[in-house]
Amino acid sequence: MALEQFSYDNKIVKYFSVATVIFGLVGMLVGLTLAIQLFYPLFNFDLPYTTFGRIRPLHTNAIIFAFVGNAMFAGVYYSMQRLLKTRMFSDLLSWIHFWGWQLIIVAAAITLPLGYTTSKEYAELEWPIDLAITLIWVVFGINMIGTILKRRERHMYVAIWFYIATFVTVAVLHVVNSFEIPVNILKSYSMFAGVQDALVQWWYGHNAVAFFLTTPFLGLMYYYMPKAANRPVYSYKLSIIHFWSLIFIYIWAGPHHLLYTALPDWAQSLGMAFSIMLIAPSWGGMLNGLLTLRGAWDRVREDPVLKFMVVAVTAYGMSTLEGPLLSIKSINAIAHFTDWIIAHVHVGGLGWNGFLTFGMLYWMIPKMWNTKIYSLKLANFHFWIGTLGIIFYALPLYWAGVTQSLMWKEFTADGFLQYPNFLETVTQIIPMYMTRAIGGGMYLIGALVMTYNLIMTARRGQFMANEPAEAYALENKPVTGGSWHHVLERKPVLFTVLTLVAILIGGVIEMVPTFLIKSNVPTIASVQPYTPLELEGRDIYIREGCVGCHTQMVRPFRNETERYQGEYSKAGEFVYDHPFLWGSKRTGPDLHRVGNKYPHSWHYYHMYDPNLTSAGSIMPPYPWLFQNTIDESQIAAKIRVMRQLGVPYEQGYEDEALDDLRAQAQEIANTLEQEMAQDEIKVVPESEIVALIAYLQRLGTDIKGTPTAALNSTNQKGE
Amino acid sequence: MFKYYLEQIQNVSIWPIISLTIFFGFFILLLLWLIKVDKKYINKMKNLPLDTDTPNSQGRSKAAKIGAVFLMLLVPQWGFAQAAESSWDQETVILWVLILVIIIAILVLMVAIYTLNVLQLALRKPEESVSVKKQGWWQKFWEKINDRVPQEKERDILLDHNYDGIRELDNHLPPWWTALFYITIVIGVIYMFVYHVFESAPLPGELYEIEVAEADAARAELLALESEAVGNIDESTVEFDNSEAVLQNGQQIYDMQCASCHRDDGGGGIGPNLTDAYWIHGGSMQDVFKIVKYGVPQKGMISWEPLLSPVQMRDVSSYILSLVGTDPPNGKTPQGELYQADAE
């Protein structure tokens, strides 16, 4: 048994930490801009690149993948080397990982404002970037597994289990949810349609929260919290039970994002039942963290690191209790589509991810720079303004969510909606939006103060790029004994395989029947594919991020079928929707039954300036839709891809598509000019607005049996 | 089922405001208390959660009680199931919904108290540490429900793990946590059985049917009462009525239902101008009533018959005719033909 000398790679940790801080500030700034846009639409700046719909995904991606992602990598690279008593497997892979990830972020920051998006939440990036993510993620995985294999510590600590689960699951989620067929270099259509696409997307979306925002951070908690508190972890047994139950159960809960939608009932119920079962496994992590602090609570009031971590773990406990409660159908009926959900995710994001990251940085940076923190006072200030920021952010939004939801649902004694005008329910909660922006602003100020504090800390210290360490090599002889789990902890490959099995079961059981059993998506004969022009309009709808504020899912509630004047949405209506556009938030009204509700000219005026038709609207204007013309050269490729995906366009239809498109555009343009004869407006048939109107007027009309002009002649035989 | 109940409360939107006030009030009270509180009490709270030398064996019975409490907390889930099997009358539902709300409120309060404790710890200035031997009820309670080994005896359960200096203890699973886990699993299984094996409770689609049927019944009742009181009103018998009550009621309906297309002053927008003397489908009381009642589907005017009672359609038609000649600014250009009232 030889004592070996080696060194820890701190430089990679430093780089990831710097990226964390930079992208954290950027992501929060974009978030603050969005918050202001909601009560002060001028902040959309009348530019396509800065409208709410386009920068909302920028905010979520920046926070999840750039801020939290880089924080995760910084924390993993620091702790893994030390927990396994070895340097990372390969410095080269570490650096490919670092620069590759930053390039992906830059690519996202460029493409999202330009409108290149798949529209699937937290998976908006287009297919070339998806491929790059896969590649870099595999690099990270190889580097991690390699490090585990060359470890000098016989057993893997609980933090490592969580890192393994993170790697395996995110790989599976990302690959499956990114099945798409490219139309061109920056445009693709999801392989799945409608209900199936929704199920896959929320299996992904929910578990991105679970395995990108939760499991890696639980791993980080298990390293940094006992280190900072200098206390033993409370219960090894609890670690084992809550780890396996958490990763097994989490995967099942995705459908709770789709309660009361057209998703088959059995899948909805599974989502709710497993969400409730998730309470205890989630709380296991919180308990193990908080109970570890026994005897260290004295230090909590002095040490900002522990303070941040305690609030982080508390926020984790709160949001993981709230989540299952929100999954109970009767509560979901009130909360879903409202700002309650936004408040919920921000308690998790600002509290759990943000505060744990801050705590980790305040602990790790002085260690690596071999010094003490520059100013405890500033760190304390950060703690307080951050905590207040979270409260000012979340409370008004809870209030706003419940208020708006109850307004949507209120009937008069005569059986009418009390607030038939959706806008009324929006203007009601604008004061709450303002307060929320103040809360977000406070949180951002705190992060700025931290940045200054960390820079000053680094400047007074001496960075140690390679930290010397020593440890005994592992003996090359079989080890026996220990509990079954202890045995497992020294078999990383078996451990990884078991993790994979645990996370696959739930997804497979929910997805396979939805895909294979026909009764889950009953077909509706009158539902037809989109016409070429409508398809173009739909792509504009996707590009502008309309789905960020408008749902296309009328739920089976009387108030919704009254408000949106039509049947509630049926699974069979979405069979040609690649991707699905159900949305998850109703900042504006639902649009699934908007087709034929208003004349073309209403949409024309409304998109030009929403205040013309709806005074007081907070929707931004879209003047560029009137100047841009659609790219007619893509339509044939789009039709071809759609046919590959199973949409019944006839063979050879791609050659006629352009004619059909022009004919329909001309027809709409004529109607528009007729309707707006008074204002003497000239309509360009090729303009994007015409395509968008074509799509909007088609929405949800098939089920009413109204034939759609263009396709009837060409496509009836396609069935 | 929440929605049924909530929708029936008058001025329901006041409730979130009240609850927020209570929530804030609670916070402020606790904050005041925090500032004024006796130093001795602070000392007592200081090491929260505290160490104890209570023998481990006692933890069990207490834990069982806690388990029972949690069982009760989660009972509404069972309640939903049972209610489903017997009947879905509103009172039972309301009862369970209220219980659920109260439980959630209690949970939220518990979290709030806990958070305040944490914040209190963080808020206090460091002071000379005073060793506290006496335990408060909370610390005893906390120790017991977690069934944990006292700090002095920690050495006995310290595992031989050492990861970069991190050691691990071999404490028991907190019994209440285990109980919670089992209970949630049982609830999940029962839920699936009730809804998808025995199919004894209505799923969203069926709930919707029930909701609509109830609303239809309520409406039929309303109509029956109305026709009893005022007799039959249809397009052949309807008469213009400019009494104040009628016009007021008509205006209310107009503002709520018609204004979005015809503008609040009747000047027209998506729909035609209602204030000029030109009418596309005729301008007599009977004509207007007919349009309101049956609609003009091809032009986007919906039929209001399923939504408005005959009296309401009369009121709103009367109100519309009362707008003729008001000539609001920026009205839509006249459409249709000039209508001149006959001798009637």
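Into which domains is chain A divided? Chain A is made up of domain 1 (9-511) and domain 2 (532-718), with bounds that come from an automatic or database domain assignment. This is a predicted model, in which local features need pLDDT of at least 70, side-chain atom pairs count only at pLDDT 80 or more, and totals for chains, interfaces and linings use all residues. Residues are numbered from 1 along each chain as its sequence is written, while chains are lettered from A and ligands numbered from 1 in the order in which they are written.

**The two domains of chain A**

- The centres of domain 1 and domain 2 of chain A, taken over C-alpha atoms, lie 35 Å apart.
- Where they touch, 44 residues of domain 1 of chain A are in contact with 46 residues of domain 2 of chain A; a contact here means that the C-beta atoms of two residues, placed from the backbone, lie within 7 Å.
- On the domain 1 side, the elements giving two or more residues are α2 (52-84), β2 (180-184), β3 (187-190), α6 (194-229), α14 (376-409) and α15 (422-427) of chain A. Helices (H or I, at least four residues) and strands (E, at least two) are DSSP runs, numbered from the N terminus.
- The largest share of that side, five residues, comes from α2(A).
- By class, the domain 1 side that touches domain 2 of chain A has 24 nonpolar, 13 polar and seven charged residues. Ala, Val, Leu, Ile, Met, Phe, Trp, Tyr, Cys and Pro count as nonpolar, Asp, Glu, Lys and Arg as charged, and the others, Gly among them, as polar.

- Chain B holds eleven helices and two strands, in the order α-α-α-α-α-α-α-α-α-β-α-α-β from the N terminus on.
- Of the 344 residues in chain B, 26% are buried. A residue is buried if 20 or more other C-beta atoms, placed from the backbone, lie within 10 Å of its own.
- The contact between the chains takes 64 residues from chain B and 65 residues from chain A.
- On the chain B side, two or more residues each come from α1 (2-7), α2 (14-36), α5 (90-123), α7 (175-197), α8 (204-230) and α9 (244-262) of chain B.
- The largest share of the chain B side, eleven residues, is given by α7(B).
- The chain B side divides into 39 nonpolar, 15 polar and ten charged residues.

**Helix α9 of chain A and its two partners**

- Two packed helices are described by the angle between their axes and the distance between the axes.
- Helix α9 (residues 279-292) of chain A packs against α7(B) at an angle of about 160 degrees, with the axes 8 Å apart. Axes are lines fitted to C-alpha atoms, for helices over the stretch in contact, and angles run from 0 to 180 degrees between N-to-C directions.
- That angle makes α9(A) roughly antiparallel to α7(B), a term for angles over 145 degrees.
- In this pair, Ile279(A), Ala280(A), Trp283(A), Gly284(A) and Leu287(A) of α9(A) meet Trp177(B), Leu180(B), Phe181(B) and Thr184(B) of α7(B). These residues divide into seven nonpolar, two polar and no charged.
- Within chain A, α9(A) also packs with helix α11 (residues 304-327), at an angle of about 170 degrees and with the axes 9 Å apart; α9(A) and α11(A) are therefore roughly antiparallel to each other.
- From α9(A), the residues making this contact include Ile279(A), Trp283(A) and Met286(A), and from α11(A) they include Val313(A), Tyr316(A) and Leu321(A).
- The contact of α9(A) with α11(A) has eight nonpolar, four polar and no charged residues.

**Buried spots in chain A**

- Eight of the nine residues of helix α21 (residues 600-608) of chain A are buried, among them His600(A), Trp602(A), Tyr604(A) and Met607(A).
- What covers the buried residues of α21(A) includes α22 (610-613), α23 (624-627), α25 (653-675) and α26 (688-698) of chain A.
- Phe355(A), which lies in helix α13 (residues 339-368) of chain A, is buried, with 26 other C-beta atoms within 10 Å.
- Leaving aside neighbours within four places in sequence, Phe355(A) is in contact with Phe308(A), Val311(A), Ala312(A), Ala315(A) and Gly386(A).
- Met156(A) sits in the loop between α4 (127-149) and α5 (158-177) of chain A and counts as buried, with 22 C-beta neighbours inside 10 Å.
- Not counting residues up to four places away in sequence, Met156(A) touches Ile148(A), Trp161(A), Glu489(A), Pro492(A) and Phe495(A).

Conventions:
Parallel < 35°, antiparallel > 145°, perpendicular 65-115°, else oblique. Buried ≥ 20, exposed ≤ 12 C-beta atoms within 10 Å, placed from the backbone.
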